[in-house]
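Let's take a friendly walk through a protein model together. Have a look at the fold before reading on.

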Amino acid sequence: DDEAYGYALLVRALTAQGKTAAALAAVERGKPVARKCSDRGARFAFSIEESRALAASGRYSEAIPNLQLLIADLNKYGYGGYQMSANLALGEAEMRAGRTRESQALLTSLLKDAQAKGFVLIARRAGAELDESKTARKRD
C-alpha cells in the first residue's frame, strides 16, 4: 500500500517539475503496484496523479474521461478529500484542453465547496486556476 502511495507522490513530483516523460514512465511502473494494492485510497491517489501526468503531456482525451470515472467512484465510496483533488485535476485538465466554460464552472463550484469544508490548499489552487484563466482571456 505504501508503495502505491510512493508512486503517486513520485508521479506528482515529476509532473510538477515539468518532467512529463519521467512522470509517465513512473506511471507505467506504478500501475501494477496500484492495481494489486488493497488500499482503495492509495489506488485513488495513484489514479489522480496518473491523470495529471496524462494531462500535462497533452493527453486530455485520456485524462479527462479517467478523471470523470474516478470522480464517480469517489462519490460512490465517499472519499471527499480525494474527490476534491480529482475535481481540481479535472478543472485544470479541462482548462488546458480549451474547455474554458466547463472548467470555470467546475473550479468555481470546487472553490466554494473547498472553502466551506476547510480544504484551504485546494481552494487556493482552484482560485489561482480561475484567476489564471481570466487573465488569459483578457490577453486574447
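What percentage of the 140 residues in the protein chain do buried residues make up? They make up 42%, where buried means under 20% relative accessible area, exposed means over 50%, and partly exposed lies in between (1.4 Å probe, protein chains only).

A word on the source: this is a predicted model, in which local features need pLDDT of at least 70, side-chain atom pairs count only at pLDDT 80 or more, and totals for chains, interfaces and linings use all residues. Residues are numbered from 1 along each chain as its sequence is written, and side-chain values use heavy atoms, with hydrogens and water left out.

**The whole chain**

The protein chain has seven helices and zero strands; helices (H or I, at least four residues) and strands (E, at least two) are DSSP runs, numbered from the N terminus. Its radius of gyration, taken over C-alpha atoms, is 15 Å, close to the 14 Å that the globule rule (2.2 Å times the number of residues to the power 0.38) gives for 140 residues, so the chain is as compact as a globular protein of that length. Along the principal axes, the C-alpha atoms fill a box of roughly 45 × 30 × 25 Å.

**Helix α4**

Now pick out helix α4, residues 60-77. Its 18 residues reach 25 Å from the first C-alpha to the last, close to the 26 Å expected at 1.5 Å a residue, a span worked out as 1.5 Å times one less than the number of residues. Buried in α4 are Ala63, Ile64, Leu67, Leu70, Ile71 and Leu74. Seen down the helix axis, these buried residues fall within an arc of 130°, so they line one face of α4; the arc is that of the directions from the axis to the C-beta atoms. An α-helix has 3.6 residues a turn, so residues three or four places apart point the same way. Cover for the buried residues of α4 includes α3 (40-56) and α5 (80-96). On the face turned away from the buried side, α4 carries the exposed residues Ser61, Leu69 and Lys76.

| Residue | Relative accessible area |
|---|---|
| Glu129 (buried) | 5% |
| Gly6 (partly exposed) | 36% |

Glu129 sits in helix α7 (residues 120-139). Its side chain makes a polar contact with the side chain of Arg96 at 2.5 Å; such a contact is a pair of N or O atoms within 3.5 Å, and within protein one must be able to donate a hydrogen and the other to accept it, while residues adjacent in sequence count only if both atoms are side-chain atoms.

Gly6 belongs to helix α1 (residues 2-16). Gly6 and Phe46 are 40 residues apart in sequence and 8.8 Å apart in space, C-alpha to C-alpha.

How values were computed. Contact means heavy atoms within 4.5 Å.
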